[in-house]
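Subject: Structure for you to look at

Hello,

Here is the structure I said I would pass on. Please have it open while you read the notes below it.

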Amino acid sequence: MLHGLAQGLALILTLHGALMLGLGVVVGLIFGAIPGLGGTTAIALFIPLTYGMPAHDAMALAGGIMGAVAFGGSITAILLNTPGTPMSAATCFDGYPLAQQGKSGMAIGAAGLSSSLGGLCGVVILVLLVPFARELVLAFGPPEFFMMALLGLSSIAASTGGMFLRGLIAAAAGLMMAFVGYDPVSGGNRLMLGIEYLWDGIPLVPTLIGLFAIAEMIKLAVEGGTVVRTEEFGRRIVGVREGIAAVFRNWTTVLRGSAIGVFIGIIPGVGGTVASFLAYSVTRQVSKHPDTFGKGEIQGVIGPEAAINAKDGGALVPTLAFGIPGSAEMAVFLGLLVLHGLDPGPLLLIQHEGVVFSLIVALTLSCILATVLGLAVTRWLSLITLVDVHILVPAVISVSLVGAYALNNKLGDVVVASAAGVLGYLMIRFDYPRVTMVIALVLGDLAERSFYQTMQITNGSWSVYVTRPLSAFLLLLTLLSLSVPALRLALDRRRGSATSPGAAS
């Protein structure tokens with residue numbers, strides 16, 4: 001392993017390798033910041049440019065993109081409530097309120113360092129887990145996928161922010177949206193209203209663009225002024241050091257988010273969006289002050305950011321070991337491997353050890369470089385929050401709609417983003433939590449498909465959920481997740497009764 005690491009360093013730390021890595025980081029930051037693009041589009045566009053390159057240079061470029069795209073998406077999520085990638089949507093919930101309070105520098109500083117540390121944790125775990133990849137990947141079947149989705153859905157109970165009924169209503173709407181389109185079990189059509197565009201369901205990325213970016217721009221246009229809602233901000237951008245210090249103070253949040261990101265990344269087909277929302281929900285559940293989440297709680301930025309970058313290390317385990325992409329980004333990356341004659345499988349690490357470790361080194365360095373570059377320009381990027389809405393709103397909406405269209409070149413995506421924007425604004429206006437809707441929308445399809453597959457495999461027996469060890473463990477976590485809000489409410493009532501005047505007398 002040490003020999004492979006030294007070989008990877010030697011391949012990357014050349015002039016050409018360093019240039020490819022730097023180019024990948026810059027491209028990743030830009031594509032991550034533009035809504036609708038992201039790492040999948042960036043890698044797909046740059047695959048033809050790597051033809052004829054040495055394999056290690058192509059790995060440097062791809063590693064630079066993958067390591068930087070998450071932080072790029074988080075910057076716009078914090079400054080404008082506009083997630084550049086679906087994974088960064090969870091960062092909006094507390095990152096944007098911090099920006100409104102004039103603490104955008106603090107939020108970006110915390111996001112940058114936690115993202116970098118999460119990526120490093122993911123790479124370390126990747127190196128340690130590659131020899132055991134087969135057992136890890138095969139441990140997950142339909143029962144485990146269903147229990148994983150159920151665990152994520154159970155976090156809705158802790159994500160309502162004191163608006164339990166409204167949170168459930170929003171979650172129910174999200175589930176209905178997730179069930180639109182072709183039924184994978186019966187073969188029928190559901191809730192399509194005769195519209196052929198909805199055959200494949202409501203697309204996630206345009207919906208998230210609308211719910212966050214466009215909805216927030218509508219809100220800004222109605223209220224006027226600027227993003228920042230405090231006079232203390234002035235023209236000085238401060239707080240980056242405070243954000244970095246906050247990461248070190250909350251190092252357990254970083255480790256927990258990284259572990260969740262790696263765990264979700266290993267599971268094929270789940271992706272970083274689930275990882276970020278699950279990390280946010282868990283961070284809120286275990287917090288001693290959950291009521292501060294959604295109002296500018298720095299832990300709400302640190303947890304999901306660590307998970308987003310850590311998931312790349314986990315997703316590379318099934319991709320490199322078996323050729324099973326852990327996400328859409330990894331599916332495109334698989335094409336890059338094949339283009340350069342690298343056949344994924346158990347022999348890849350033996351036959352092309354230097355190239356594989358060059359990718360690992362590139363991922364590691366890109367996490368650090370993306371953070372350094374991002375924090376270096378934070379002072380100027382944060383000035384976006386001072387731009388008047390009459391300039392900001394048209395620009396952001398235009399970029400958002402172009403990004404929604406560029407994803408699949410479908411006009412229907414623009415319509416979905418616009419409709420979701422109106423819906424998101426109405427949810428803001430009438431105080432309905434969007435986080436519960438997004439969690440249900442992301443996990444609804446996975447839960448339904450996995451449940452039906454499990455029932456078909458077991459002939460309708462539910463015992464499989466408790467007889468398989470991993471499934472039983474996830475079920476236990478789900479029950480604990482559901483019990484946390486009730487236990488916290490009981491403790492709050494007991495403390496309240498103990499401090500009441502009647503109790504004192």
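The model is predicted, not experimental.

Helix pair. Two packed helices are described by the angle between their axes and the distance between the axes. For helix α6 (residues 104–129) and helix α12 (residues 251–266), the axes come within 9 Å and cross at roughly 50 degrees. That angle makes α6 oblique to α12. The crossing of α6 past α12 is right-handed. On the α6 side, the contact is made by S114, L117, G118, C121, G122, I125 and L129; α12 contributes V254, L255, S258, V262 and I266. Sorted by class, the contact of α6 with α12 has eight nonpolar and four polar residues, and no charged ones.

Helix α11. This helix spans residues 240–249, and G243, A246 and V247 in it are buried. These residues lie on the same side of α11 because they cover an arc of only 105 degrees around the axis. R241, F248 and R249 are exposed, on the face of α11 turned away from its buried side.

Loop residue. F293 sits in the loop between α13 (272–286) and α14 (299–322). Its relative accessibility is 3%, so F293 counts as buried, the cut-off being under 20%. Not counting residues up to four places away in sequence, F293 touches D94, Y280, T283, R284, S287, Q299 and G300. One of these, T283, is ten residues from F293 in sequence, and the C-alpha atoms of the two are 9.5 Å apart.

Regards

How values were computed. Residues are numbered from 1 along each chain as its sequence is written. This is a predicted model: local features need pLDDT of at least 70, side-chain atom pairs count only at pLDDT 80 or more; totals for chains, interfaces and linings use all residues. Side-chain values use heavy atoms; hydrogens and water are left out. Axes are lines fitted to C-alpha atoms, for helices over the stretch in contact, and angles run from 0 to 180 degrees between N-to-C directions. Helices (H or I, at least four residues) and strands (E, at least two) are DSSP runs, numbered from the N terminus. Angles under 35 degrees count as roughly parallel, over 145 as roughly antiparallel, 65 to 115 as roughly perpendicular and the rest as oblique. A crossing is left-handed if the near helix is turned anticlockwise from the far one by less than a right angle, and right-handed if clockwise. Contact means heavy atoms within 4.5 Å. Ala, Val, Leu, Ile, Met, Phe, Trp, Tyr, Cys and Pro count as nonpolar, Asp, Glu, Lys and Arg as charged, and the others, Gly among them, as polar. Buried means under 20% relative accessible area, exposed over 50%, partly exposed in between (1.4 Å probe, protein chains only). The arc is that of the directions from the helix axis to the C-beta atoms.
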